[in-house]
Amino acid sequence: MSKIAVVYWSGTGNTEAMANAVLEGAKNAGADAVLYTASGFFTGGLLIMPMPLLSDVLLWALRNWKNLNFSPCFLPLKVSLGIKKIALFGSYGWGDGEWMRNWESVCYEAGANLICDFVIANEAPDDEAVEACKAMGAALANA
């Protein structure tokens, strides 16, 4: 059984809704999955929860990877991204999703093992985005 940590930051609740859909998809596929807010996952740049250290898959979600609530915690972990399977998702309210393509590039440059395409939603996730998040969770459960 895959162990999955779904880590997100959400200012409006849109990315949180996506995180819950990923969690649902993973659990329905039989994964041991846990949802964490960024502040519940990190403190002072250090992992504080034992589950993420044991997770096979880490899902990172936020609307802007440089967000001040998330970036100081995420950036020090870049060096260890290659040892975990990860996936990216999040919502946004501006532009065309370039922020996600940039974040994906940062992860690839750090040697991350991105095991599926990212999922993004403009503002609140519509039915298609929710289903894509559920499918992501299910795919990751079987990765």
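The legends below describe close-up views of a predicted model of one protein chain.

Residues are numbered from 1 along each chain as its sequence is written. In this predicted model local features need pLDDT of at least 70, side-chain atom pairs count only at pLDDT 80 or more, and totals for chains, interfaces and linings use all residues, while side-chain values use heavy atoms, with hydrogens and water left out.

Figure 1. The chain holds 6 helices and 8 strands. Helices (H or I, at least four residues) and strands (E, at least two) are DSSP runs, numbered from the N terminus. In sequence order the pattern is β-α-β-α-β-β-α-β-α-β-α-β-β-α. Of the 143 residues, 45% are buried, where buried means under 20% relative accessible area, exposed over 50%, and partly exposed in between (1.4 Å probe, protein chains only). Among contacts with a separation of 6 or more, 72% join residues 24 or more positions apart; contact means heavy atoms within 4.5 Å.

**Figure 2. The nonpolar cores.** A nonpolar core is a set of buried Ala, Val, Leu, Ile, Met, Phe, Trp, Tyr and Cys residues joined through side-chain atoms within 4.5 Å. The largest core has 20 residues, of which Ile4, Val6, Phe89 and Met136 touch the most other members. Two or more residues of this core come from each of E1, H1, strand E6 (85-92), strand E8 (119-122) and helix H6 (127-141). The most come from H1, which gives 6 residues. Another core, of 9 residues, lies apart from the largest one, and its members include Ile86, Trp99, Met100 and Leu114.

**Figure 3. Helix H1 and Asn14.** Helix H1 covers residues 14-28 and includes Asn14. The 15 residues of H1 should span 21 Å at 1.5 Å a residue, and the end C-alpha atoms are 21 Å apart, which agrees. The expected span of a helix is 1.5 Å times one less than its number of residues. Buried residues of H1 are Asn14, Thr15, Met18, Ala19, Ala21, Val22, Leu23, Gly25 and Ala26. Asn14 counts as buried because its relative accessibility is 14%. A polar contact of 3.2 Å joins the side chains of Asn14 and Thr12. Such a contact is a pair of N or O atoms within 3.5 Å; within protein, one must be able to donate a hydrogen and the other to accept it, and residues adjacent in sequence count only if both atoms are side-chain atoms. Leaving aside neighbours within four places in sequence, Asn14 is in contact with Ser91, Glu123, Ala124 and Pro125.

**Figure 4. Glu123 in the loop between E8 and H6.** Glu123 lies in the loop that joins E8 to H6. Its phi is positive, about 70°, although Glu123 is not a glycine. Most residues other than glycine have a negative phi. Glu123 is partly exposed, because its relative accessibility is 40%.

**Figure 5. The loop after H1, beside the end of the chain sequence.** Gly30 follows H1 and has a positive phi, near 95°. Gly30 belongs to the loop between H1 and strand E2 (32-37), and Ala31 is placed in the loop between H1 and E2 as well. Gly30 has a relative accessible area of 40% and is therefore partly exposed, whereas Ala31, at 9% relative accessibility, counts as buried. Gly30 and Ala141 are 111 residues apart along the chain, with their C-alpha atoms separated by 6.8 Å. Ala31 and Asn142 are also 111 residues apart in sequence, and 8.0 Å apart in space, C-alpha to C-alpha.

**Figure 6. Ser2 and Ala141.** Ser2 sits in the segment before strand E1 (3-8). Its relative accessibility is 8%, so Ser2 counts as buried. A polar atom of the Ser2 side chain lies 2.8 Å from the backbone oxygen of Ala141.

**Figure 7. Helix H5 and its buried side.** Helix H5 (residues 98-109) has 12 residues and reaches 16 Å from its first C-alpha to its last, close to the 16 Å expected at 1.5 Å a residue. In H5 the buried residues are Trp99, Met100, Trp103, Glu104, Val106 and Cys107. They cover an arc of only 155° around the axis, which puts them on the same side of H5. The arc is that of the directions from the helix axis to the C-beta atoms. Just after H5, Gly111 takes a positive phi of about 85°.
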